[in-house]
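Look at the structure, then read on.

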Amino acid sequence: MYEVASYDVIVIGAGHAGCEAGLAAARLGARTLLCTISLENIAMMPCNPAIGGPGKSQLVRELDALGGQMGIVADETAIQMRMLNRGKGPAVHALRAQNDKNAYHRRMKQIVENEPRLDVKQLMVTDLLVEDGRVTGIKTELDEAYRAKAVVLATGTYLQGEILIGTHKYSGGPNGYRASLKLADSLRAHGVELRRFKTGTPSRVDLRTLSLECMERQDGDKDFHTFSFLSERKDRNATCCWLTYTNAETHAIIRANLERAPLYAGLVHGVGARYCPSIEDKVVRFADKERHQLFIEPEGLETNEMYVQGMSTSLPMDVQYAFLRTIPGLEHVEIMRPAYAIEYECLDPLQLTAGLRYKKCDGLFSAGQANGTSGYEEAAAQGFIAGVNAAHYVLGKEPFTLTRAQAYIGTLIDDLVT
């Protein structure tokens with residue numbers, strides 16, 4: 001085993017949790033390594049390229065107030081902004097931005113690569129190194145060792161990830177990236193309790209095959225919004241979204257093919273996030289509803305990929321085409337990326353403290369979807385808290401925690417760890 005370098009903090013994973021964790025630790029003075037399976041998936045948006053919405057916008061604003069990065073980058077790369085729930089009272093108003101997914105990735109990659117005291121490396125981590133109940137570093141698939149006093153797990157959906165589309169099942173992470181196959185076994189060997197979790201995403205469709213005139217146009221607000229206190233208020237509406245609906249024919253096709261869905265065919269072994277149901281779940285659980293709304297949203301300014309929000313599914317491709325083509329405006333749709341479900345290993349968060357430290361091993365922290373949550377904003381908020389506390393652990397400072405009475409981030413974490 002080749003000893004490469006030593007750090008104060010190592011962050012495994014460079015999604016939204018990992019980026020915030022790495023930046024927070026480095027900015028507090030800890031020499032930090034941020035490692036990722038691919039440099040191309042730093043701050044990747046494998047689901048909807050959007051930030052904010054009910055509950056989530058509050059997390060982004062709190063993160064910004066604490067010194068996090070997500071709100072600033074969301075403002076810089078927004079291509080549309082809307083304040084949701086304006087027909088209701090101000091307590092439930094929620095800012096939401098549609099972002100250019102490639103611009104968001106590029107900007108966050110630029111920020112983490114140029115942060116003092118933060119190194120960014122493309123590594124496949126296979127083992128957690130532990131001695132006498134204390135984390136000492138990581139080992140990679142190339143037999144490299146990196147030593148550290150604290151490690152933050154921000155592995156997202158990559159731990160032994162499997163993609164499911166109909167009866168097809170194969171190893172992989174989101175968007176066709178590699179899965180992490182060995183690290184989960186190493187965590188179990190050190191006593192970490194893992195469980196199987198599931199999430200999913202809709203198909204991406206070709207803008208050129210849509211009949212936008214058959215849908216309801218959804219323009220951004222004329223008001224100048226920002227997530228960050230530091231951002232300039234200006235018009236960020238470079239494009240628009242579109243609203244359409246499922247119908248009885250759509251639902252009939254889905255019901256007729258339920259046995260071909262991995263969930264109903266018994267191929268899914270993990271539980272899913274409570275507030276991220278697939279279209280087959282919606283059709284079964286809300287059988288009395290005649291239609292479900294769908295938002296057709298751009299993935300960026302330099303691509304024809306459009307995101308079908310509200311249509312998460314893992315049904316086979318012939319069924320995906322069949323039900324999509326019953327929807328007004330999608331009669332001639334062509335799919336650019338299929339919808340899929342992904343199963344992966346995550347930590348049971350009851351093993352964590354309110355500072356997101358693993359209770360049974362000194363120096364180990366965990367954040368994001370690896371803790372069984374869903375959403376970029378939830379991941380980023382946890383990543384920030386884990387990164388701060390990893391740095392505090394190394395620097396001999398007291399843990400930083402937020403209570404339910406202080407912050408929505410405190411409520412999120414309290415719900416997880418209790």
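Two strands pair if DSSP finds at least two bridges between them. Helices (H or I, at least four residues) and strands (E, at least two) are DSSP runs, numbered from the N terminus. This is a predicted model, where local features need pLDDT of at least 70, side-chain atom pairs count only at pLDDT 80 or more, and totals for chains, interfaces and linings use all residues. Residues are numbered from 1 along each chain as its sequence is written, and side-chain values use heavy atoms, without hydrogens and water.

**The sheet.** E4 and strand E5 (residues 94-99) pair in the antiparallel sense over six bridges. Leu-95 in E5 is the bridge partner of Met-83. Both strands belong to an open sheet of three strands, ordered E3-E5-E4 with antiparallel pairing. Its edge strands are E3 (50-52) and E4 (78-84), each pairing on one side only.

**The cavities.** A cavity is a set of points on a 1 Å grid over the protein atoms alone, where a 1.4 Å probe fits but cannot get out; lining residues have an atom within 4 Å of a point. Grid points are joined across faces, edges and corners, and a volume is the space filled by probe spheres set on the points. The structure holds two cavities of 30 Å³ or more.

| Cavity | Volume |
|---|---|
| Largest cavity | about 100 Å³ |
| Second largest cavity | about 40 Å³ |

Of the 14 residues lining the largest cavity, those closest to its centre are Lys-198, Ser-278, Glu-280, Ser-314 and Ala-341. Strand E12 gives the largest share of this lining, three residues. The second largest cavity has Met-81, Asp-221 and His-225 among its lining residues.

Conventions:
On a 1 Å grid over the protein atoms alone, a cavity is a set of points where a 1.4 Å probe fits but cannot get out, and a pocket is an open set with protein on both sides within 12 Å along at least five of seven lines; lining residues have an atom within 4 Å of a point.
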